[in-house]
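This report describes one protein model. It moves from single residues to the whole chain.

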Amino acid sequence: MADLLGGKGANLSEMTNLGLPVPPGFTITTEACRAYLATGREPDGLREEVDAHLRALEEARGKRLGDAADPLLVSVRSGARFSMPGMMETVLNVGLNDASVAGLAAQAGGDERFAWDSYRRLIQMFGKTVCDVPSEEFEHALDDAKRARNTTNDLDLDAADLRALVDTYKKLFAKHTGREFPQDAREQMDLAILAVFQSWNAERAILYRRQERIPADLGTAVNVVAMVFGNLGPDSGTGVAFTRDPASGHQGIYGDYLANAQGEDVVAGIRNTIPLQELERLDKRSYDELLGIMSKLESHYLDLCDIEFTIEQGKLWMLQTRVGKRTAAAAFIIAGQLVDEGLIDLDEAVMRVNGEQLGQLMFPRFDLSGDPKPLARGVGASPGAAVGKAVFGAPRAAELARAGEQVILVRRETNPDDLAGMIAAQGILTSRGGKTSHAAVVARGMGKTCVSGADALEVDTRNGKFTVDGTVIREGDVISIDGTTGKVYVGAVPVQPSEVVRYFEGDVAGDQEGADPLVSAVHRIMSHADSLRQLRVRTNADTGQDAARARRFGAEGIGLCRTEHMFLGDRRELVERLILARTDGERQDALDALLPLQRADFVEIFEAMDGLPVTVRLIDPPLHEFLPPLEELAVSVAVARERGEDAAKAEALLAAVRRMHEQNPMLGLRGVRLGLVIPGLFAMQVRAIAEAAAECAGRGGNPLPEIMVPLVGAVQELETVRAEAERIVADAGAGAVSIGTMIEVPRAALTSGQIAEAAEFFSFGTNDLTQMAWGFSRDDVEGAFFWRYIELGIFGISPFESLDRDGVGRLVRIAADEGRAARPDLKLGVCGEHGGDPESVHFFHEVGLDYVSCSPFRVPIARLEAGRAAVETAPSAAAG
């Protein structure tokens, strides 16, 4: 029921049903939140329902909200369908006021310090969350109080100090809100509930949802739960536990504990925690009970669980559990472990990981062969090798990243307001907190490198620097952080290929005893994904070297070989000769010079992909792309004339460029149009392909060339090119060569039934299809206004990054259905960048394409996602 109750509410209910010690409470559903956000007012009937459930809660606890002598206090916490750590609001200790603070002290056996500590926390959280009082105002006041006591630890403040701090906080509240801090307990609770609803649309929550692709219309539930107190003295505390290490996947006892504290202290990282194992020494009974509950929860959820708990004077309470966020490496390792333990099968293991995580594992790692000396060491909270300029604020990190700089965000501890900088940074470094701090949890969710709790760092965010044993690192200085070891280095540490890339390259084995656990897990899951998938995976490659590497990565052919790349470099002069040709003879001379060069290129590629299909796209871009820019050429001609130099060649070239100039060349003379207008151009390319295939076959090879005609919008265009191509292929004795087309013009998709009569295959060029369907020029719009479209929610993600299913996807579906209706054996593939996008791969599986094609590096990602798509659509999965 997570859609209705939110993840937190559903899991609190689940733990209650399991008989675990959960404080009583109730959940206000996501429906209520959506109704509030739609109308801007409290939904009808909500107050009456809250009244009824509050009475039940008061009866369960034997206390009443607002009772001065024996008060019930509650927490008011958000809980969305998908975990959004720290992105929405929480208010603890709701129900305290000037009168009931004495009653709370009495409940605690006369502990006034505890009562005033709880009251100052309420004013601070309520002020920031409900009334937008700047949090730094409260933090400065707390720092002043600690300085007056000559301490850096808030535990050294006594009851009198905290009472005085409450007075200061109340004055700050009144200054910023124009009213006194509310003394009515029910008003506090109602305002906190509405604030949690509103926090769904807070800037940081919106930003996080975009980053994680969480739908914007879900809303959040609100959980109202009786308070239990971890700040009641040394026999109390709060902690976070994981049933397995979320960074490495290793089994064991992982987590953080903080004595005499409330839960926000742990995730905020304001005090460094102790390892969870230390709890055994402090409170063995609670520790043993916690381990039993952890085992029970993992067996119930069949996955790594992230648990929040509080101990109140020796009594253990479970405050939350969820399937825990984990690093990419941990995801693969844990999936394999759960298979070995008989908790899940291999199909489920494939679904527990994804292509994005696999991509993270393929990033380079530090090369430590030079034995660099670490400057400091913290907790390896989220693996990876990150190098960048140190910056000390989120806005600055985002600013530099937009300018193309690589940055490391350095903070004492992060908070949700730092999210934009965390997204922009290569990695995150904090001097406080552990594996369960805000920085660690969010970084793991985003796949960012993070080192937390490097307490040797004296971080001075105001002056933009940090100091370690006299070494000063200022903003702009380059540092390197290792999210696996937790080490921090001065300067840029060199990187080397990851073990996972070495596995795909064939340098290390994944199926031998003693293999690296991560490599072994990747091998096992990838092997199963390959056995399941229906989509084949090809690569986009234009050289033999790229083709060979992609084949090692598991590519089953080439789906796109761009021939225009073969006209660059030293061959530009030949292209200029072709363009400048004034007679048929001059043009043919240029083509004859290009023919052997193209043939040699194709031989190299066919040999690298021997026995696998190679789809060669005939030249696609307009020829002006191979010439100097018009303005630059005009200037050089003018300068040559001024100096009295011979400008004849440059003038001829300028005349040709002017003759070919188009206002919108991407919609002009390119693709099939170019082949039909310039006699012999396509014929030369087809001959080079056919002769290369014949040469390879003559050496005993098995070349499988496919010729793809680009930018076809009418069947007559393809028929004209095909007729000539078939004659050339027959003359060259190349054997069977498939001829098809790229579907990249909307008209081609809409007339696909006609075009299929002349095509043996379709390959969807989704980059151009997206440009033409939307009317976007990709080179111009992404930097110009896409950021604003994403900000406004018009796009969740760029349609060039993940396929627009509703528009462009519909064109793909129409072309696939009508093309196969006309030609049942029509082969269908995709060769745009969407072929390597995980979300898009699932769509292409649903449509029934035969293959996707992507860059060599993304071939393993596409293989995995194709396997996951097969599991998702299997009859057993649908039934489940």
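Gln320 counts as buried because its relative accessibility is 4%, where buried means under 20% relative accessible area, exposed over 50% and partly exposed in between, with a 1.4 Å probe and protein chains only. The model is predicted: local features need pLDDT of at least 70, side-chain atom pairs count only at pLDDT 80 or more, and totals for chains, interfaces and linings use all residues. Residues are numbered from 1 along each chain as its sequence is written, and side-chain values use heavy atoms, with hydrogens and water left out.

Gln320 sits in strand E11; helices (H or I, at least four residues) and strands (E, at least two) are DSSP runs numbered from the N terminus. Leaving out residues up to four places away in sequence, Gln320 touches Lys8, Leu12, Met15, Arg77, Asp306, Ile307 and Glu308, contact being heavy atoms within 4.5 Å.

Glu308 belongs to strand E10 and is buried, at 14% relative accessible area. Beyond its neighbours within four places in sequence, Glu308 is in contact with Arg77, Gly239, Val240, Trp317, Met318, Leu319, Gln320 and Arg322.

Most residues other than glycine have a negative phi. Gln313 has a positive phi of about 50 degrees although it is not a glycine, and Asp469, also a residue other than glycine, has a positive phi near 50 degrees. Gln313 lies in the loop between strands E10 (305-312) and E11 (315-323). Asp469 is placed in the loop between strands E20 (465-468) and E21 (471-474).

| Residue | Relative accessible area | Class |
|---|---|---|
| Gln313 | 45% | partly exposed |
| Asp469 | 77% | exposed |
| Asp288 | 36% | partly exposed |

Asp288 is part of helix H12 (residues 284-301). Between Asp288 and Phe786 there are 498 residues in sequence and 53 Å in space, C-alpha to C-alpha.

## Nonpolar cores

In soluble globular proteins, nonpolar side chains tend to be buried together. The largest nonpolar core here has 121 residues, and Phe332, Leu358 and Val522 have the most contacts inside it; such a core is a set of buried Ala, Val, Leu, Ile, Met, Phe, Trp, Tyr and Cys residues joined through side-chain atoms within 4.5 Å. Helix H27 (residues 681-698) gives the most to this core, with 11 residues. Apart from this core lies another, of 58 residues, including Leu92, Val130, Ala141 and Leu157.

With neighbours within four places in sequence set aside, the contacts of Phe332 are Val353, Gln357, Leu358, Leu361, Leu518, Ala521, Val522, Ile525 and Leu864.

## The whole protein

The protein contains 36 helices and 32 strands, and 55% of its 880 residues are buried. Of the contacts with a separation of 6 or more, 69% are between residues 24 or more positions apart.

Taken along the principal axes, the C-alpha atoms fill a box of roughly 105 × 70 × 60 Å.
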